[in-house]
Amino acid sequence: MPGVDEHETDTVRAARADARAQAGRTARAMPYVPASSTPFPPPDVDPATLTWAETVAPGNYTHKALARGTRVRFTDVTGEACAHVLLYNADQPWERLNVADTVKISWQAYLTAGHPLLSGDGRVLATIVSDEAGGHHDALCGTSTTAANDAKYGHGGSAPHGGTPSGRALFTLAAAKHGLGPRDLPPSISFFQGVRVADDGSTSFTGGAGPGTSVELLAELPVVILVANVPHPADPRPEYVCGPLRVHAWRDAPTAPGDPQWDSTPEAHRAYLNTADYVTARGW
Amino acid sequence: MTGILDPASYAEGTVLDLAGPLSGGEVTVDEVIPPRAPWSAVVPAGHVLTLVDVGGNQSGDCLLYNARDTAERYSVPDTIAWSGNVYVRTGTVLRSNLGRPLATVTANEIDRQDTIGGACGKESNTLRYGHHTLSEHGCRENFLAEAARYGMGARDIVSNLNWFMNVPIEADGTLGIVDGISGPGKRVAFRAEMDVLVLVSNCPQMNNPCNDFNPTPLRVIVTAGPPDGPR
């Protein structure tokens, strides 16, 4: 970054020239617009179909309204990312991720490929369609709060402008940018860091799956997705450890008859049927 | 149908045990929640709510809110992350979405209480059991109806507690609602750490064992807590 003495901003014209001279710079974490200009193009994807490309900094967040049939790939660049995710029906956002239904209806607490991410309205918001991270994910511990981060990392840094921002603080901002408020932040899920449960109910942190692994979500409805990239709340390390999160998304097709997840279980089958029924009624 | 406290109103062999409060102090609330019905009250800070499983293995779905600002509400993941355990037992602090204590479990007469199984509902029943169950009443409907009395709606209904429900998680992550480990007159009690709005749905589910396929009443008793402390 240039020092303050490198800017000439004593007049409006000079300030305008100075501002415009900043264009074209790059940062380690930034969106790539248009998405096809990503410096990290997925080798298996036609760049022309990309709709979202971004690197999210540790302790930062992103969000997007996505079309039904969008495939989103999250990549844990260093093995230290933790993508906390919330999903909403973009058109009727009071329909949103319901973590309890997501695990109970699937009879499975641990998330991996094939798991439908359910709303509380009996439909699928998105499906986990690929998981290179071997289930290093979590549907039990949610994200961090200011109170938790203050207790763990010391007071004062848990707000978005601090050095140890909490997932909830970042979700609050991401939600606000879609007209959603603090009441609209239900329990979230996280990718790339997880826990396992012992017989006595105690949880143990698994950590990540190593650098370079990806997980993919397929939007089954038009969705708003909120993503906070912050340490997992069960991460026992006393330091705020988090790595960059890469996001790419492209146009694909929603789950349909013949796809393996369409009738992977009786419960998932009826969830996809309900989703298709909703889409048909909407005339989409 | 005879009275809700008449065993003849329920499946053959039903035993009803109203028990009593698990905490001392003046009784400020003492009500029976009929089968399938919602219930709510504000419990002041320091007061203790005892829930009695009158007929045994009757799930009491429960949500808590900061009574002064209901945007702060019970959070399953914060409760689990802070306690390091997915089951709720004596001593478990029931945390809000801000990580703050809403209530503390002060007594519990079964091995463990559930907070990962969520609430049943009409739409989710269609996934779990088939579309023929859509007409059946659910806890989500009870929560929505009761929350509406306080100006709250769908976005205020989040993942909940299930008193007296049994949800084991196996080593590979398989989980589900199985036969209960409670019985007639078994109780749980929690002390409000702030003024809390408590919503309870006496679960109407008839398609799994969370109510022993025999919905029965719950008794809710609120006591002012000390001077004589827990009983």
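A:Leu87 touches A:Arg96, A:Leu97, A:Leu117, A:Leu125, A:Ala126, A:Val223 and A:Ile225, leaving aside residues up to four places away in sequence. This is a predicted model. It scores ipTM 0.96 and pTM 0.97. Chain B averages a pLDDT of 96, and 97% of the residues score at least 70.

**Nonpolar core**

- The largest nonpolar core has 131 residues.
- A:Leu87 is among the residues with the most contacts inside this core, together with A:Val223, B:Leu64 and B:Val196.
- Strand β12 of chain A, residues 223-229, gives the most to this core, with six residues.
- In soluble globular proteins, nonpolar side chains tend to be buried together.

**Contact between chains A and B**

- Chain A gives 37 residues to the contact, and chain B gives 36 residues.
- On the side of chain A that touches chain B, the elements giving two or more residues are α2 (99-104), α3 (146-153) and α5 (266-282) of chain A.
- The largest share of that side comes from α2(A), with five residues.
- By class, this side of chain A has 20 nonpolar, ten polar and seven charged residues.

**Helix α1 of chain B**

- Helix α1 of chain B spans residues 76-83 and is mostly covered.
- Eight of its eight residues are buried.
- They are B:Val76, B:Pro77, B:Asp78, B:Thr79, B:Ile80, B:Ala81, B:Trp82 and B:Ser83.
- In chain A, the buried residues of α1(B) pack against α3 and β10 (203-207).
- In chain B, the buried residues of α1(B) pack against β5 (93-95).
- Just after α1(B), B:Gly84 takes a positive phi of about 70 degrees.

**A six-stranded sheet in chain A**

- Chain A holds an open sheet of six strands, in the order β1-β13-β3-β11-β6-β5.
- The pairing in this sheet is antiparallel.
- Strands of a sheet pair through backbone hydrogen bonds, either parallel or antiparallel.
- β1 and β5 (116-118) of chain A stand at the edges with a single partner strand each, so one side of each has no neighbour in the sheet.
- From one strand to the next, the twist averages 20 degrees.
- Within the sheet, β3 (residues 70-76) and β11 (residues 213-219) of chain A pair in the antiparallel sense over six bridges.
- A:Thr75 has A:Ser214 in β11(A) as its bridge partner.

**Backbone details**

- The peptide bond from A:Val33 to A:Pro34 is cis, with omega near -5 degrees.
- A:Pro34 sits in the loop between α1 (12-20) and β1 (50-56) of chain A.
- B:Ala19 is not a glycine, yet B:Ala19 has a positive phi of about 45 degrees.
- B:Ala19 lies in the segment before β1 (27-33) of chain B.
- B:Ala19 counts as partly exposed because it has 16 C-beta neighbours inside 10 Å.
- B:Arg36 is not a glycine either, and B:Arg36 has a positive phi of about 75 degrees.
- B:Arg36 is in the loop between β1 and β2 (38-43) of chain B.
- B:Arg36 is buried, with 20 other C-beta atoms within 10 Å.

Definitions and conventions
Residues are numbered from 1 along each chain as its sequence is written. Chains are lettered from A and ligands numbered from 1 in the order in which they are written. This is a predicted model: local features need pLDDT of at least 70, side-chain atom pairs count only at pLDDT 80 or more; totals for chains, interfaces and linings use all residues. Two residues are in contact if their C-beta atoms, placed from the backbone, lie within 7 Å. Helices (H or I, at least four residues) and strands (E, at least two) are DSSP runs, numbered from the N terminus. Ala, Val, Leu, Ile, Met, Phe, Trp, Tyr, Cys and Pro count as nonpolar, Asp, Glu, Lys and Arg as charged, and the others, Gly among them, as polar. A residue is buried if 20 or more other C-beta atoms lie within 10 Å of its own, exposed if 12 or fewer, and partly exposed in between; C-beta atoms are placed from the backbone. pLDDT is the predictor's confidence in each residue, from 0 to 100. Two strands pair if DSSP finds at least two bridges between them. Axes are lines fitted to C-alpha atoms, for helices over the stretch in contact, and angles run from 0 to 180 degrees between N-to-C directions. A nonpolar core is a set of buried Ala, Val, Leu, Ile, Met, Phe, Trp, Tyr and Cys residues joined through C-beta atoms within 7 Å.
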